[in-house]
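I opened my notebook to look up a few things about strands and aromatic rings. Here are my entries, in the order I made them.

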Amino acid sequence: MDSQKEALQRIITTLANKNEELHNFMETLSHSLAGVQVNSNQVVSDLEEEFDTLFAALDEMKESMINTIKQEEAKKATELQNQLTQSTNALESAEELLEFANNALHMNEEEEFAKAAKQIKDRVTMAPAFRLTMKPKATDSMTHLMVDFSQERQQLQKLQFLPVPRAPEIDVQDCQVCDNTVTVTWKMAMEDSKIDHFILEHRKTSYEGLPRIKDEHCWEVVDNIRATEYTLADVKFDSKYMNFRVRACNKAAAGEYSDPVTLETRAFNFGFDSGSSHLNLKVEEGSVEWDPQGGKGLESKVKGKENKGSGTPSPKRTSMTRSPATRGTRDRFTGESYTVMGDTSMDCGQHYWEVRALKDCKSYSVGVAYRNLGKFDQLGKTNTTWCIHVNNWLQTSFAAKHNNKAKTLDVAVPERIGVYCDLDNGQLSFYNAETKQLVHTFKAKFSQPVVPAFMVWCGGLSLSTGLQVPSAVKSFQKTENGVGGSNSSLNSIAQ
């Protein structure tokens, strides 16, 4: 019966996943169907605009060429008309001179004849008819302004749609997700020498499989990529997956998108649990700071003992006696326990986060704890907490603490501490986040889920999450598996 129910449950899960996949596919089809009409109307509008521009250019060119012909016509007509006018005047003068010469032939008086002959000779020398060029300054030919648009007509007849690049293909096997960087690699199905650049689009998502049309995240664009791969660096992995798609562009147009791919970008994300933090701690997104005025508004205040063994000085406080809270039912940390825990627990797998102390922080601890840590308990003083502690009060000390035992760490305090928690192999390691040098390792068989835990006094801490386990840390853990960095007195089997 139970096995049948399990089998039926698997079938139900499969059907539910398939229904969700079909629903997403139908949304994609509906979106594409609507897009076909919108995009078709757009390209028709663009086509009409291009032809209108072409017609306008042809009309402009026609008007310009007609004006050229008319200017040539006017020029030739003016030149010929001037020659015609000059010739007419010369002809009139020549006809008058001819008539005068004919009359002179009939003169009988010698003196009068000689005078007339001399006048005729002088006038012939100066006559316009003999000074004119008897060649037209212009011809009636206009063949030099004729046109033949047969080649252009052939070119127009060859008009076609722009050559659009094919869609690239993203090679998932060659894509890499490592150290909070994502390298996406793609290729063209056919070689295309006219491709100028690529456009990569990416977005974060909570869904595995094909990207959804409706997603809470928008596509982000990386333009002008000249190679067939691109690396997104320093990405905060605050979503389970990321979608990627790419398209090629030539000088004229952008091609179709590639088939989108989904890459897994899991990392440990958490924040501070402000609801249970000590009243003297001011918790904000990604940071926690000591606030000495934090608890002064309460009518009942807690006065704790001086923490003589902790290395952390205790400011003076007044209090009223309160009965100890049952572990796991506390409202807030109080007394000497200036603690804030993470809001997300870990029960298996490998996890990594980083912590940086704000300037002049006097004292702080970083580690993990079980959720049932008592409201008066301090990190490192119980068998359910593991931490490294930095004390900058008067003189600097750096130690690993667990079960009220401490081991001095003979290394410089890192500016940024990386915390690596491997629950499967029972290891809690601390690294210099800059150099990835191991600082200390606890070995423990965690019997319950743990949460990140922090203590801060007179200063503050900033938190970085959404980080993958760095490759250097993974490599070190593989080579050093079974070799602990902690004193055997700090190793434990926690209950």
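Is Phe 476 buried, partly exposed or exposed? I found a relative accessible area of 26% for Phe 476, so this residue is partly exposed. A reminder to myself: this is a predicted model.

**Entry: the partner of Phe 476.** I looked for a ring beside Phe 476 and found Tyr 431, with the two ring centres 6.0 Å apart. The planes stand at 90 degrees, and angles over 60 count as edge-to-face, so I noted this pair as edge-to-face. Tyr 431 belongs to strand E18 (residues 427-432), while Phe 476 belongs to helix H4 (residues 471-479). The two are 45 residues apart, and the pair links distant parts of the chain.

**Entry: other aromatic pairs.** A search of the whole structure gave me 14 aromatic pairs. One of them is Trp 393 with Trp 457, whose ring centres lie 5.4 Å apart and whose planes meet at 75 degrees, so this pair is edge-to-face. Trp 393 sits in the loop between strand E14 (385-391) and strand E15 (397-402), and Trp 457 sits in strand E20 (residues 450-457). They are 64 residues apart. I got 35% relative accessible area for Trp 393, which is partly exposed, and 5% for Trp 457, which is buried. I also wrote down one aromatic cluster, formed by Phe 268, Phe 270, Phe 272, Trp 353 and Phe 454.

**Entry: Arg 245.** Which rings does the charged end of Arg 245 sit over? I found Trp 219, with Arg 245 over its face at 4.1 Å from the ring centre. I also found Tyr 257, where the distance to the ring centre is 3.9 Å.

**Entry: an open sheet.** I traced 4 strands in the order E5-E4-E7-E8, with antiparallel pairing. Strand E5 (220-225) and strand E8 (261-264) stand at the edges with a single partner strand each, so one side of each has no neighbour in the sheet. Ignoring direction, neighbouring strands here are turned by 25 degrees against each other on average. Between strand E7 (residues 241-249) and E8 I noted 4 bridges; in E8, Val 261 is the bridge partner of Phe 244.

**Entry: a hairpin.** Strand E9 (residues 281-284) and strand E10 (residues 287-290) run antiparallel and are joined by 4 bridges. Glu 284 has Ser 287 in E10 as its bridge partner. There are 2 residues between the strands, and Gly 286 takes a positive phi near 85 degrees in this hairpin.

Terms used: Residues are numbered from 1 along each chain as its sequence is written. This is a predicted model: local features need pLDDT of at least 70, side-chain atom pairs count only at pLDDT 80 or more; totals for chains, interfaces and linings use all residues. Side-chain values use heavy atoms; hydrogens and water are left out. Two strands pair if DSSP finds at least two bridges between them. Rings of Phe, Tyr and Trp (its six-membered ring) pair if their centres lie within 6.5 Å; planes under 30 degrees apart count as stacked, over 60 as edge-to-face and the rest as tilted. Buried means under 20% relative accessible area, exposed over 50%, partly exposed in between (1.4 Å probe, protein chains only). A charge sits over a ring if NZ of Lys or CZ of Arg is within 6 Å of the ring centre and within 35 degrees of the ring normal. Axes are lines fitted to C-alpha atoms, for helices over the stretch in contact, and angles run from 0 to 180 degrees between N-to-C directions.
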